[in-house]
Amino acid sequence: MKIEALIIHHSAGLWGDREYLDSLHEQMPRIRGVQMGASGTRRLHCGYHKIVLNGLPTYRDWREGRYQERLDGHIQQGRPDNKSGAHARGWNARSLGVVLIGHLDLGPPTARQWASLVHACARLCQRHGLPASAIRGHREVAASRCPGAHLDLSRLRGEVGARLTAG
Ligand SMILES: [Zn+2]
């Protein structure tokens with residue numbers, strides 16, 4: 001798979017992690033009334049490749065105010081990077097999907113999420129030979145509000161670009 005873009009998303013929820021996103025992904029075919037595959041389908045991870053946690057991995061953590069600092073900014077691997085994602089129609093076979101846990105229409109990502117996002121995007125750009133301009137918000141490739149009004153994509157491209165220039 002030739003990667004041409006990194007596409008940034010938010011989860012549009014206040015808490016979550018890979019396990020939670022996987023559970024949503026597994027439910028989707030049922031909701032749509034599509035038969036689940038015998039075995040392979042369930043093993044598919046959520047449609048994103050990287051999941052940037054916000055320190056509130058579960059509903060219970062959120063409800064009880066149990067912020068887990070060590071998980072704030074931690075990045076989980078979703079689908080393997082060499083497997084096509086399921087996150088942006090028309091782009092899945094040529095992009096990597098990065099999702100920040102959080103509702104970024106309501107507020108910005110955490111400082112640690114931002115730092116991890118910049119770091120991860122810079123590494124992925126280097127690995128795949130991409131310029132910072134290859135970073136796109138979901139809303140820039142589809143009719144969507146994702147990844148939310150508080151995710152500053154220009155600033156992201158600027159900070160990643162500065163890293164790439166610095167080598
Ligand atoms: Zn999205």
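Biologist: Leaving aside its neighbours within four places in sequence, with which residues is Val99 in contact?

Modeller: Please keep in mind that this is a predicted model. Val99 has its place in strand β4. Apart from neighbours within four places in sequence, the contacts of Val99 are His9, His10, Ser11, Tyr48, Ile51 and Val52.

Biologist: Is Val99 buried or exposed?

Modeller: A residue counts as buried if 20 or more other C-beta atoms lie within 10 Å of its own. Val99 has 27 such atoms within 10 Å, and therefore Val99 is buried.

Biologist: How many of the residues of β4 are buried?

Modeller: Ser95, Gly97 and Val99 point one way from β4, while Leu96, Val98 and Leu100 point the other way. In a regular strand the side chains alternate between the two faces of the sheet. The residues pointing either way are all buried, and the count for β4 is 6 of 6.

Biologist: In what order do the strands of the open sheet stand?

Modeller: The sheet has 5 strands, and their pairing is mixed. Its edge strands, each pairing on one side only, are β3 (72-77) and β5 (135-137). From one strand to the next the twist averages 25°. The order is β3-β2-β4-β1-β5.

Biologist: How many bridges join β1 to β4?

Modeller: Strands of a sheet pair through backbone hydrogen bonds, either parallel or antiparallel. Strand β1 (residues 5-10) and strand β4 (residues 95-100) run parallel. Ala5 stands opposite Ser95, and His10 stands opposite Leu100. The number of bridges that join β1 to β4 is 6.

Biologist: Which residue stands opposite Val99?

Modeller: Strand β4 also pairs with β2, in the parallel sense and over 3 bridges. Ile51 is among the contacts of Val99. The residue opposite Val99 in β4 is Ile51.

Biologist: Which residues does Cys121 touch, not counting residues up to four places away in sequence?

Modeller: The largest nonpolar core has 27 residues, and Cys121 is one of those that touch the most other members, together with Leu6, Ile51, Val52, Val98 and Ile135. The elements that give two or more residues to this core are β1, β2, β4, α4 and α6 (153-166). Beyond four places in sequence, Cys121 touches Leu6, Ile135, Leu156 and Val160.

Biologist: Is Asp72 buried or exposed?

Modeller: Asp72 has its place in strand β3. Not counting residues up to four places away in sequence, Asp72 touches Leu53, Asn54, Gly55, Thr110, Arg112 and Gln113. The C-alpha atoms of Asp72 and Ser116 are 44 residues apart along the chain and separated by 9.2 Å. Because 21 other C-beta atoms lie within 10 Å, Asp72 is buried.

Biologist: How does Glu19 count, with its C-beta neighbours inside 10 Å?

Modeller: Glu19 lies in helix α1 (residues 18-31). Its C-alpha atom is 9.3 Å from that of Gly78, a residue 59 places away in sequence. Because 13 C-beta neighbours lie inside 10 Å of Glu19, this residue counts as partly exposed.

Biologist: What span does α6 reach from its first C-alpha to its last?

Modeller: Helix α6 has 14 residues, and at 1.5 Å a residue the expected span is 20 Å. Just after α6, Gly167 takes a positive phi of about 75°. The span that α6 reaches is close to the expected one, at 20 Å.

Methods. Residues are numbered from 1 along each chain as its sequence is written. This is a predicted model: local features need pLDDT of at least 70, side-chain atom pairs count only at pLDDT 80 or more; totals for chains, interfaces and linings use all residues. Two strands pair if DSSP finds at least two bridges between them. Helices (H or I, at least four residues) and strands (E, at least two) are DSSP runs, numbered from the N terminus. Axes are lines fitted to C-alpha atoms, for helices over the stretch in contact, and angles run from 0 to 180 degrees between N-to-C directions. A nonpolar core is a set of buried Ala, Val, Leu, Ile, Met, Phe, Trp, Tyr and Cys residues joined through C-beta atoms within 7 Å. A residue is buried if 20 or more other C-beta atoms lie within 10 Å of its own, exposed if 12 or fewer, and partly exposed in between; C-beta atoms are placed from the backbone. Two residues are in contact if their C-beta atoms, placed from the backbone, lie within 7 Å. The expected span of a helix is 1.5 Å times one less than its number of residues.
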